[in-house]
Amino acid sequence: MPKTLVKPRTQTKLKTQRPPLYKVILINDDYTPREFVVLVLKAVFRMNEDQAYRVMMTAHQKGACVIAVYARDVAETKAKEATDLGKQKGYPLFFTTEPED
Ligand code: TYC
């Protein structure tokens with residue numbers, strides 16, 4: 001009887017690659033009017049009045065507030081868009097991004 005050749009099979013399991021997420025962070029300052037911060041949060045981050053007000057007040061009281069997490073390019077684009085809206089009005093309003101841990 002011919003010998004049967006047993007071929008060991010190695011299987012590589014492919015893991016789904018998810019892009020790393022980046023936080024968008026709102027930084028407090030002493031000059032931007034509260035209502036303007038709320039307006040920008042609603043316009044750029046699609047928050048309702050209530051969510052925007054809470055986020056603005058958290059940054060106001062604590063110095064900064066994480067707004068949302070997105071893929072890197074989306075986070076950077078939104079942070080720039082929101083910062084630019086303040087800049088157009090002469091406000092120092094600032095949004096930054098950082099990788100999620
Ligand atoms: N601190 C500002 C004020 O008293 C309001 C403000 C809140 C500005 C949050 C920026 O990220 C900010 N007018």
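## Reading the ligand site and the sheet

Author: A nitrogen atom of the ligand is 2.8 Å from an N or O atom in the side chain of asparagine 28. Keep in mind that this is a predicted model.

Reader: Which polar backbone atom is 2.7 Å from a nitrogen atom of the ligand?

Author: One that belongs to aspartate 29. Histidine 60 comes in through its side chain: an N or O atom there is 2.9 Å from a nitrogen atom of the ligand.

Reader: How much of the ligand's accessible area does the protein cover?

Author: On its own, the ligand has 340 Å² of accessible area, and the protein covers 88% of that.

Reader: Which elements give two or more residues to the shell around the ligand?

Author: Strand E1 (21–27), helix H1 (34–45) and helix H2 (49–62) do. H2 provides the largest share, three residues.

Reader: Which residues are around the ligand?

Author: Leu26, Ile27, Asn28, Asp29, Thr32, Arg34, Val37, Met56, Ala59 and His60. By class, the shell holds five nonpolar, three polar and two charged residues.

Reader: Now the sheet. How do strands of a sheet pair?

Author: Strands of a sheet pair through backbone hydrogen bonds, in a parallel or an antiparallel way. Here, three strands make an open sheet, ordered E2-E1-E3, with antiparallel pairing.

Reader: Which are the edge strands?

Author: Strand E2 (64–71) and strand E3 (94–99), each of which pairs on one side only. From one strand to the next, the twist averages 30 degrees.

Reader: Over how many bridges do E1 and E2 pair?

Author: Seven, in the antiparallel sense.

Reader: In what order do the elements of the protein run from the N terminus on?

Author: The order is β-α-α-β-α-β. That makes three helices and three strands.

Reader: Last, overall shape. What radius of gyration does the protein have?

Author: Compare the value with a reference. A compact globule of 101 residues would have a radius of gyration near 13 Å, but this protein has 23 Å. Then check the box along the principal axes: the C-alpha atoms fill roughly 90 × 25 × 20 Å.

Notes. Residues numbered from 1 in each chain as written. Predicted model: local features only at pLDDT ≥ 70, side-chain atom pairs only at ≥ 80, totals over all residues. Heavy atoms only, no water. Near = heavy atom within 4 Å. Polar contact = N/O pair within 3.5 Å; in protein donor to acceptor, adjacent residues only side chain to side chain. Areas by Shrake-Rupley, 256 points an atom, 1.4 Å probe, with all protein chains shown as cover. Helix = DSSP H or I, 4+ residues; strand = E, 2+ residues; numbered from the N terminus. Nonpolar A, V, L, I, M, F, W, Y, C, P; charged D, E, K, R; others polar. Pairing = 2+ DSSP bridges. Axes fitted to C-alpha atoms, helices over the stretch in contact; angles between N-to-C directions. Rg over C-alpha atoms; globule rule 2.2 N^0.38 Å.
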